[in-house]
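Dear colleague,

Please find below the structure that I am handing over to you, together with its sequence. My notes on it follow directly after.

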Amino acid sequence: MQTEFFQQTSKVLTVSELTRSIRGTLESKFGAVWVQGEVSNYKLHPSGHQYFTLKDARAQIACVIFRNTMAPLRSEVGRPLLADGARLQIFGTVSVFEARGQYQLSVQIIQPRGLGVLQAKFEALKRKLDAEGVFDPARKRALPKFPKRIGIVTSPSGAAIRDIINVLRRRAPWLQILISPVRVQGTGAAQEIAVAIRELAKPNEHFAPVDLIVVTRGGGSMEDLWEFNEEIVARTIDDVTVPVVSAIGHEIDFTICDFVADLRAPTPSAAAELIVPDIVDLRRQMDASARGLGRELLNRMRDAQQRLDHARETLRRCFGHKIDNYRRGLSHALATLQARSPVRELMLRRNRFGDLHRRFIQLPLRALENARHRFQRIEGILRVLGPEATLRRGYSITRNERGELIRTVAAIQPKMKIRTRISDGEFESTVKG
């Protein structure tokens, strides 16, 4: 009777089928987990895979690190991090090795016991990107010396954007700034940051190309800055062709974004000082160059005058009576040279530059004043013809329950509730007929 029951209700499985079913159950049930314990039986296989057992006082589990996941690790003092007796925290996925019928942990992250999870993820991603050469200085793009347009990826309400704009306006008033507002922390912020970087790096019909991109935010804890440690942001910065400057947090804060970017600034204000020259310094350098050029021209003219005087004396001694003719010719040549003097040309160009500079400074003020006059004129028109003025003249506005305007009697039904607005308030009423 019992034998017949099992034959009717049970399917006979092969070992492979049973093991595969167990594997599916385990992997779907547990997935990725953090486990801590003591390392034993560590072995580095010639293939590059690493095998060891993680145990505690009552149980043990087999672990494997495949060679493409991570290389053998060492601690800060140079000793191997994976060694028998080491107490570690391990992040990995639970799987079944069907050939032996045993379950194991496929390791992805290793850290000493007590180290935070975020710090471990930070170190793991840093090692991964470093091994791929993403941090290689040879990959860094050169920043333009005199950028004309820059893009800024940051929160529009943070202190970072105010600091960086204040410095940029003071140092480089000619600079055009394009701000791409994003969230800088919280779920989904990393995706917003990556999309903003790609949009600025790819000009379209709405804006011209930018010369460089600044990714910035103010300081905070590691959790606050974590979105700038996400792989999607690092990959995006590495992929775009426009140079990227990272200015995340304070001077002591470091993120993955800092290592990938072409330039890391300790603060947002420092980023503004690093990416543009100071106009005061530029003017000082131009004045110094002009003075040096003037001195060089004057020295050359004096040298030419000395050689001219020497030649004139030689001619006087050699040719005697012909000296007057040569003198007149040389005087004419000297007058022509002075009329075409580079010093005179330099003074004319400098005056022209000063005039253009004054016009450049005054232009935005005139444009702002004209816009203010237009705004005041339109405001006056709206003050006379706007809805509020109409209500004050004795008119009213009536809407139905959905807030739609009632324009004709045909839109009114009996027992309909309506709301009427007059100059000093609103009241409700019900239509009787």
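**Findings**

Helix α2 (residues 15-30) consists of 16 residues and reaches 22 Å from its first C-alpha to its last, close to the 22 Å expected at 1.5 Å a residue. The expected span of a helix is here 1.5 Å times one less than its number of residues. Helices (H or I, at least four residues) and strands (E, at least two) are DSSP runs, numbered from the N terminus. After α2 comes G31, whose phi is positive, near 60°.

Some remarks on the origin of these values are in order: this is a predicted model, in which local features need pLDDT of at least 70 and side-chain atom pairs count only at pLDDT 80 or more, while totals for chains, interfaces and linings use all residues. Residues are numbered from 1 along each chain as its sequence is written, and side-chain values use heavy atoms, with hydrogens and water left out.

**The chain as a whole**

The secondary structure of the protein chain comes to 12 helices and 13 strands. Its radius of gyration is 39 Å, well over the 22 Å that the globule rule gives for 433 residues, so the chain is more spread out than a compact globule. That radius is taken over C-alpha atoms, and the globule rule is 2.2 Å times the number of residues to the power 0.38. Along the principal axes, the C-alpha atoms fill a box of roughly 150 × 95 × 35 Å.

Buried residues make up 30% of the 433 residues. Buried means under 20% relative accessible area, exposed over 50%, and partly exposed in between (1.4 Å probe, protein chains only). The accessible surface of the protein chain comes to about 28600 Å², of which 55% belongs to carbon and sulfur atoms; the areas come from the Shrake-Rupley method with a 1.4 Å probe, and for residues only the protein chains shown count as cover. Of the contacts with a separation of 6 or more, 60% are between residues 24 or more positions apart, where contact means heavy atoms within 4.5 Å.

**The barrel**

In the order β1-β2-β3-β5-β4, 5 strands close into a barrel with mixed pairing. The twist averages 55° from one strand to the next. Two strands pair if DSSP finds at least two bridges between them. Strand β2 (residues 50-55) and strand β3 (residues 60-65) run antiparallel and are joined by 6 bridges, with T53 opposite A62 in β3. Helix α2 packs on this sheet, touching β1 (32-44), β4 (87-97) and β5 (102-112), and its direction makes about 140° with that of β4. Axes are lines fitted to C-alpha atoms, for helices over the stretch in contact, and angles run from 0 to 180 degrees between N-to-C directions.

S40 lies in strand β1 and counts as buried, at 10% relative accessibility. Not counting residues up to four places away in sequence, S40 touches F52, T53, K55 and D84. N41 also lies in strand β1, but counts as exposed, at 51% relative accessibility. The phi of N41 is near 60°, a positive value in a residue other than glycine.

**The open sheet**

A further 5 strands form an open sheet in the order β7-β6-β8-β9-β10, with parallel pairing. β7 (176-181) and β10 (263-264) stand at the edges, each with a single partner strand, so one side of each is left without a neighbour in the sheet. Strand β9 (residues 244-248) is joined to β10 by 2 bridges, and V245 stands opposite L263 in β10. Helix α4 (residues 159-171) packs on the sheet, touching β6 (149-154), β7 and β8 (212-217), and its direction makes about 165° with that of β6.

Within β7 lies L178, which is partly exposed, with a relative accessible area of 25%. Its contacts, not counting residues up to four places away in sequence, are R149, I150, G151, I152, L200, F207 and V210.

Strand β11 (residues 397-399) and strand β12 (residues 417-422) pair in the antiparallel sense over 3 bridges, and T398 has T420 in β12 as its bridge partner. β12 also pairs with strand β13 (residues 425-430), in the antiparallel sense and over 6 bridges; a hairpin of 2 residues joins β12 to β13. T420 stands opposite F427 in β13. K415 is found in the loop between β11 and β12 and is exposed, with a relative accessible area of 72%.

Yours sincerely
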